[in-house]
Amino acid sequence: MMRVRKEVAAALCFVLLVAFFPLSRIEAASEPFKGGVKNDTVTFSVYAVGDAVPRRTQFQLELRCEEGTAARARLSIEGNDLHTVPHHAAGQECKVWAGSGGHAGLGNEVQITVSGEEGVIARKVLYPEGEAEVVSSEFDVPQGELHIAVNHEYTEGALGTRVRVMEWNIWGGGRSAGGQENVEQIIEVIRHENPDVLFTIETYASGEKMLEGINEGLPEHLRYSGIKVTNQAAHQPNDDNLWIFTRYPVIKQYPIISHAGLMSGFHFGGVKIQLPDGQEVNLFNTWLYHDGWAWDAVNQTVGEITYGIPRTYTNAEIVATDLQPRRMQMIRKILYENYPRLLTGDSSPIIMAGDFNTMSAEDWSSRFADAPGHAGLVLQWPVTTLIQEEGFIDTYRWANPDAARDPGSTWSPYHGFGMAPGRIDYIWTKGQEIRVLDSYTVDEMLPEHQNRAVPFYSDHAAVVTDLMIRNRNRLPGGPPQVEHVVPRFQMTATSTSEHAGYEASKAIDGNRDTMWHTEWAPQEPLPQSILLDLGDVYNVTGLDYQTRTDFKPDGIVTGYNIYVSSDGESFMKIADGVWEHDYSPKKADFSAGGVRFIKLEATQGSGNAASAAEIKVRFQP
C-alpha cells in the first residue's frame, strides 16, 4: 500500500511540474553545452506596457552564441514572467534573439537589455514593424549571473521620428589636414553618413561652403539649413567656431549668454527645431576649454604604469585637470545658468553635442579599471559626472555599455590614439521622448580618399548617433509630467547657524565640493534650519538633499521638517521624515502651490549637526 501511495505521489508531482513549467523550459535547463562554468545562469524576463497589450501571447527568447543556442525560454506577458536556466556560454560572443513563435505579438517598440553582475553589457531598442523576431547587438558573455530583459511597448500608430545626429570637430575649418581639398572631402564624408542634424566645431569660415556642399543635388525636403551659433561680431569672420546644420525647420535661435572672462557664443549656443510630427527638440553645440589637457595626463600615466616608470601624476592630479582650468566653471554655467535661463518652463527634449575636452567618468570607473589602456586607473572625471547627474545620457556609452569592448576613442585618428583611449567628443541627450538606437565613431577615411598622405581628415573622429525621438503625446500613459528644478542663479539662502566659510549660500552654488554647515566652534545644537528664497512663486513638488561629499561623519541630516511660505513670514509645515544615515542623495516629495520660500529644518543629524552640499527644489509649471 505504501509503494502505491509513493507512485501516485510521484505521478502527481510530475503533472504539477508540467502544468507550471512547460516542457520547453525543462528542456532549456537540461540541454548540454560545451565551455563555460557549471554555475553560470541566465534569467530571461519579459514585460509589456501600452494601450494595446495582447493577451495570452507567448514569447520565445534565446541566447545565441558562437557554438549555437546556449539557453532558451518560452515566456508569457501574464505575471511579467521570468525564468532562470544554466548556460555554458561564458567567454563567447552572443546575441539575444526574441520572437513570438510565428504568432503576432511583438511590441511596436522592443528594448533588450543584457546585464551581468557588474552592470549592463548590451542594450538595443528595436522597432519590429511587422517582423516576428528581433535580435540584439553582440556582446561578450561574462561568468556568473546573466539577466536578459525584453520589454515590449504596444502603442498603435506612428511613434515618432528617426533622427541621425553627427558631431565633428573638423580642425581649423577643415583645412588643417589638407586645405580646401580636405574641406571638400569632409563634405563627402558628411554626405556619406547622411545625418539629419550635424554639429561642427572649429568650423572657422567654412560653414557656408559646407552648407553648399552637403546640399548639392538634394531634393528640397532633404536640404539643410545652417545656423552660425558663434555669431557674435568679435568672432567674425574667421572664428565662427560652432555651427549647427539641420534638415528640420528651425523655430528659434537662442540668444547667446556670455560670462565675462569665461565663455561666450564661441563655447555654447543653440536652436530649437520642429520634427515632422510637431515634436520640438532643443539643440545645443558646445566646446569646453582645452587647457589642462585631460587625455594627455592619462595617456602619460598609462604609459608610465605600463613600462614601470615612476608616475608623474597622482589620480587626484589627473582629474584636477578638469577643475583647475575653465572646463568645470564652464559646464556649471551651462547646466546651472544657461539652460535654466534659456529653457524656463520648456520640457522639450535636448540634444547637447560637442568637443568637451575631457574623459568619461563611466569609462574610467572601477568596472573598467582592467580594460585595455586603463592600466588599473579609476578616475572620477568631474565634468562628465556633473552632466550625467543633471539627467543627460551619453549616447555612445548607452548604445555601447562595455567600455572594454568599445572604447569609442575620438582622439586622435590623425596624431595616433596613444596608450590610453581618448573619448572626448560626445552626443548627450535628455528627455523621456528620446530613444538611443545606435552610436559609433567615424575614424577611418573613405576608400576613395585613402591615397592621401594624411591619416585622417581631422585630429578628432566624428561621433554618429541614431535616435528615435518619440512624440510626447504618444508615450504610454500620455505626455509625461516633467519636473523642473528652480534655477540656482535666482535663489538665495540664509540659515539659523553656519560656520565661517560654510555659509548657507554654499548649499545652492552648484558645487558639491562646498557646503553649508552649522556652527561647530562652539557647537550650536539642533534643531537648525536653512531657508531658501526661490526668487519667484512655484508649484513645488519636492526637495533634493545632497549630503556632504568629503565623507566626514558629522552633519548628515537624518530627521527633518519642511515648511513652505508665500511671503517669508507665515510658514506651513508640508513634510517631515527621516533619511538614512549615509552619503547617498536624499529626496522629499510633496506638493504645494504658490510657494516662494522653503525652510529645511534639521531635527536630527550625525554629531548633532547639519550640513548640505547641495539642495535642489523641484516644481511643475
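How many disulfides does the count come to? By the rule that a disulfide is a pair of cysteine sulfur atoms within 2.5 Å, the count comes to 1. The structure is a predicted model, in which local features need pLDDT of at least 70, side-chain atom pairs count only at pLDDT 80 or more, and totals for chains, interfaces and linings use all residues. Residues are numbered from 1 along each chain as its sequence is written, and side-chain values use heavy atoms, with hydrogens and water left out.

The disulfide is formed by C65 and C94, whose sulfur atoms lie 2.0 Å apart. This link is right-handed, with 110° about the S-S bond. C65 belongs to strand β2 (residues 58-65) and C94 to strand β5 (residues 93-99), so the pair ties together parts that are 29 residues apart in sequence. Strands (E, at least two residues) and helices (H or I, at least four) are DSSP runs, numbered from the N terminus. Both cysteines, C65 and C94, are buried, where buried means under 20% relative accessible area, exposed over 50%, and partly exposed in between (1.4 Å probe, protein chains only).

Turning to the sheet, 6 strands form an open arrangement with mixed pairing, in the order β15-β16-β17-β18-β20-β19; two strands pair if DSSP finds at least two bridges between them. The edges are taken by β15 (250-253) and β19 (393-394), each with a single partner strand, so one side of each is left without a neighbour in the sheet. Helix α8 (residues 382-389) packs on this sheet and touches β18, β19 and β20 (425-430), contact being heavy atoms within 4.5 Å. The direction of α8 makes about 20° with that of β20; axes are lines fitted to C-alpha atoms, for helices over the stretch in contact, and angles run from 0 to 180 degrees between N-to-C directions. Strands β17 (residues 280-287) and β18 (residues 350-355) run parallel and are joined by 6 bridges. W287 has D355 in β18 as its bridge partner.

The backbone also deserves a look. Most residues other than glycine have a negative phi, and most peptide bonds are trans. E129, not a glycine, has a positive phi of about 50°; this residue sits in the loop between β7 (119-126) and β8 (133-135) and is exposed, at 66% relative accessible area. E202 likewise has a positive phi, of about 55°, but counts as buried at 16% relative accessibility. Its loop runs between β12 (197-201) and α4 (207-215). A cis peptide bond joins Q236 and P237, with omega about 0°, and another leads from A521 to P522, with omega near 0°.
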